[in-house]
Amino acid sequence: MPRLLLLFAHPALEKSRIHKRLIRELKSIPQVTFHDLYEAYPDFNIDIATEQQLLLSHDIIAFQHPFYWYSAPAIIKQWMDLVLEHGWAYGSEGRMLEGKKALNIISSGGPRHVYAPEGRNRFTYRQFLAPFEQSVRLCKMDYLPPFVVPGTHRMEQQDLETFAALYRQALILLTAGNAPTDPGAELLNDQLTSSGILTH
Ligand SMILES: Cc1cc2nc3c(=O)[nH]c(=O)nc-3n(C[C@H](O)[C@H](O)[C@H](O)COP(=O)(O)O)c2cc1C
């Protein structure tokens, strides 16, 4: 069964509503390793060897974070800059991550409809996440569609519970070896159904 490394980045978890709720689901999914980067590295002094070892012992890498300035909180960038070394992760000799899968799990204050060419933010989630997708590909991994919790600014508790259930379903399917077969899909959300089956 695939093991999933969840690289979690929230700089103010004590103020979080969405991610605090989502990660409660992880307790019952043993295939997931929860790794809180801000907790592990409050001074941003990332231990490269430890991080590379963690990557090697997992099959799926998930970057979970709130959407900040159409991207990720700063520690994710620091992690990528330091851990994904030339000759290890990429380059002609860098093949250590080859064949693994990676995805983003994000929440956004803006609702889904503003993430469209005709919407206020002009670009789709996947377009904003292009640096992740291409970095993952450069490291010879497969990029999976992102899981998104949109519209968090106006989210009712009941909607949050629905997304927590979807999140749980996504992680269970991924760790059961059921990665979506449509890598070009806009969101992983759309491939999940209430019956817990990936639809593509
Ligand atoms: C510094 C900062 C930047 C943000 N940038 C964006 C953004 O670019 N797009 C967006 O939709 N929401 C943005 N937001 C809203 C957050 O994504 C939202 O508050 C978060 O997903 C809620 O999750 P939480 O309750 O776990 O904190 C931003 C919030 C902060 C604090």
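1. Strands β1 (residues 4–8) and β2 run parallel and are joined by five bridges; two strands are taken as paired if DSSP finds at least two bridges between them. Within this pairing, leucine 6 stands opposite phenylalanine 34 in β2. Helices (H or I, at least four residues) and strands (E, at least two) are DSSP runs, numbered from the N terminus.

2. The model is a predicted one, in which local features need pLDDT of at least 70 and side-chain atom pairs count only at pLDDT 80 or more, while totals for chains, interfaces and linings use all residues. Residues are numbered from 1 along each chain as its sequence is written, and side-chain values use heavy atoms, with hydrogens and water left out.

3. Strand β1 also pairs with β3, again in parallel and through five bridges, and here leucine 4 faces isoleucine 60 in β3. On β3, a parallel pairing with strand β4 (residues 101–107) extends over seven bridges, with isoleucine 61 opposite alanine 102 in β4.

4. Two crossovers deserve mention. β1, helix α1 (residues 18–23) and β2 form a right-handed β-α-β unit, and β3, α4 and β4 form a right-handed one as well. A crossover is right-handed if, with the strands pointing away from the viewer, the path from the first strand over the helix to the second runs clockwise.

5. In strand β2 (residues 32–36), four of the five residues are buried, so the strand is largely enclosed by the rest of the structure. Strand β3 (residues 60–66) has seven of its seven residues buried. Ile60, Ala62, Gln64 and Pro66 point one way from β3, and Ile61, Phe63 and His65 point the other way.

6. The whole structure contains nine salt bridges, each defined as a side-chain nitrogen of Lys or Arg within 4 Å of a carboxyl oxygen of Asp or Glu. One network of salt bridges links Arg21, Glu25, Glu161 and Arg168. In it, arginine 21 meets glutamate 25 at 2.9 Å, N to O; arginine 21 is buried at 9% relative accessibility, and glutamate 25 is buried at 13%. Glutamate 25 also forms a salt bridge with arginine 168, the closest N and O atoms being 4.0 Å apart. Arginine 168 lies in helix α7 (residues 157–175) and glutamate 25 in the loop between α1 and β2, so this pair ties together parts that are 143 residues apart in sequence. Arginine 168 is partly exposed, with a relative accessible area of 29%.

7. A further salt bridge joins glutamate 133 and arginine 126 (3.0 Å, N to O). Glutamate 133 is buried at 15% relative accessible area, and arginine 126 is buried at 11%.

8. The largest pocket holds about 460 Å³ of space. A pocket is an open set of points on a 1 Å grid over the protein atoms alone, where a 1.4 Å probe fits, with protein on both sides within 12 Å along at least five of seven lines; lining residues have an atom within 4 Å of a point. Grid points are joined across faces, edges and corners, and the volume is the space filled by probe spheres set on the points. Of the 19 lining residues, Phe67, Tyr68, Gly109, Thr152 and His153 lie nearest the centre of this pocket.

Technical notes:
Buried < 20%, exposed > 50% of the residue type's maximum accessible area, 1.4 Å probe, protein only.
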